[in-house]
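Open the model in your viewer and keep the sequence panel beside it. The stops below go from the contact between the chains to single residues.

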Amino acid sequence: MRPAVESNEFRRDLVSVLPKLRRFAMTLTRNAADADDLVQEVCERAITRYHLWNGEGRLESWIYAMTRNLWIDEIRKRRVRTGSGTVDAAEQDELSIEASGEKAVYANQLQKMILSMPEGLASVFLLVNIEGHSYREAADILKIPIGTVMSRISTARLRLASMITETTERRA
Amino acid sequence: MLQSTRGLPLDVRLSAYIDGEVNETERKELEQLIARDDEARRVLETLQAGSSFGNKAFEELLHDPVPLSLVRRIKQGPGVSAKTEHLAISAPRKTKQRLWPRALAASLVLLLVGGSTGFIIGKTSDDETQSVKIAAARTWLDDIADYHRLYARQTAEHLVEVPASAGGKIEGWLASNVGVNFSLPDLSDKGLTFEGARLLVAAGKPVAQLMYKDQDGDVFAICFLKSPPGDTDGKMTESMRDDIAMISWQKNDASYVVVGPSSDANLHQLATAISAAI
């Protein structure tokens, strides 16, 4: 077991990535309540398993992969409970699910718009365009083929570009 | 090793070009295409516009406050108690799991309030004393939180009473009014720019308020007032008022508090640096 000081350092590092982690969780869950629950669960798990973090690369990548896995588990549980439920786009090459207006409950209009993007697009856009992960890194975190990352980042950009028009028309 | 984009749709290829995910040969090929083909140029511009729009929207998400209770649990706890603090992410059962402890707590509060009220009414006197006691429960930190909520929303013009350009005069002015000698902390290495100062009144005492802004425009304040030395000198206490986080401590003959957005995960380090510098 590592000394306590290392545990404290890990906790500090974990706290420093919390805002980013929460944002990533939002792209998966697309609503704040689920994102907060997911972040809490990820943090609990990360703290109990911090000895598995080798300190190489970006801490975010390790935490994000854990977040994605937990969310997939949660979706599976929900699917079993409901008997049908949603199909997770993170596991699919083809996008099929649109976020409902009710799901994307968020105050800010811009946030509402990005959270209403089809599943899987926002996460890829965040990882690649905002946080500068390579296609390979994003594919590893989301456990999807690199070709899917390529098509999703492009689709996300086109979708976001179309939102500019929607926003302008709404204002007019 | 970069992926080949040949044979993929134009928007996918150009997107990979934007991200630097094409090899040298393909990069040149795509640049030539962009130079001679209007449609390719239009698609590229659309993708770039989408990127810029997305950047702005995602930046907003980053500024949502992270629940301070979570921050505190991670920073301070020897381990997260799954039994007491675990929140399952299961939606259908979530309401029950979240509501029953609150309902129980609310019932207990109501019971206590009811009991206390009955006791107070039964006493038939001392009503005034009770009111005073309730009022006294409000601390100077509550006043500071209210001030911060008000002033942090002001435009640059109204953010401070005396601007940073007044320089050394600020220290003299505040020290003489508050009765606490201090040095103006330079927090530029923490990404904070000093904007100026205000003189406030909290819990009936004059309070100095130093205002800083970070690159995102978030406002941070250092407030202090004269107070007798206590047993908890130097010990930092963290608290939260909605979206505002506060870290307070006592040092020598003054009480200090650093106020900032609850989403800021480095507030504790900031408070430690300020305590050493002020």
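Predicted model: local features only at pLDDT ≥ 70, side-chain atom pairs only at ≥ 80, totals over all residues.

## Where the chains meet

Start with both chains shown: 48 residues of chain A are in contact with 40 residues of chain B. Stay on the chain A side of this contact and colour by element. Those that give two or more residues to it are α1 (4-16), α2 (18-29), α3 (32-48), α4 (59-82), α5 (109-115), α6 (121-130) and α8 (146-171) of chain A.

## Chain A as a whole

Chain A has eight helices and zero strands, in the order α-α-α-α-α-α-α-α along the sequence. Of its 172 residues, 44% count as buried. Among the contacts in chain A with a separation of 6 or more, 56% are between residues 24 or more positions apart.

## Chain B as a whole

Chain B has 11 helices and seven strands, and 29% of its 278 residues count as buried. For chain B, residues 24 or more positions apart make up 51% of the contacts with a separation of 6 or more.

## Helix α8 of chain B

Select residues 140-151 of chain B, which form helix α8.

Within α8(B), show the side chains of B:W140, B:I144, B:A145 and B:H148, which are buried. These residues cover an arc of only 140° around the axis, and therefore sit on the same side of α8(B). The general rule is that an α-helix has 3.6 residues a turn, so residues three or four places apart point the same way.

- With β4(B), β7(B) pairs in the antiparallel sense over six bridges; B:S255 in β7(B) is the bridge partner of B:L225.
- With β6(B), β7(B) also runs antiparallel, and eight bridges join them; here B:A254 in β7(B) is the bridge partner of B:K251.

Zoom in on the hairpin of β6(B) and β7(B), where two residues lie between the strands. B:N252 takes a positive phi near 50° there.

## Last stop: B:M211

Move to strand β3 of chain B, residues 205-213, and pick B:M211. Is B:M211 buried or exposed? B:M211 counts as buried because it has 27 C-beta neighbours inside 10 Å, where 20 or more are required.

Then show what surrounds this residue. Leaving aside neighbours within four places in sequence, B:M211 is in contact with B:L159, B:V160, B:E195, B:G196, B:A197, B:R198, B:V219 and B:A221. Finally, draw a C-alpha to C-alpha distance from B:M211 to B:A164: they are 47 residues apart in sequence and 9.0 Å apart in space.

Methods: Residues numbered from 1 in each chain as written. Chains lettered and ligands numbered in written order. Helix = DSSP H or I, 4+ residues; strand = E, 2+ residues; numbered from the N terminus. Buried ≥ 20, exposed ≤ 12 C-beta atoms within 10 Å, placed from the backbone. Contact = placed C-beta atoms within 7 Å. Expected span 1.5 Å × (residues − 1). Arc of directions from axis to C-beta. Pairing = 2+ DSSP bridges.
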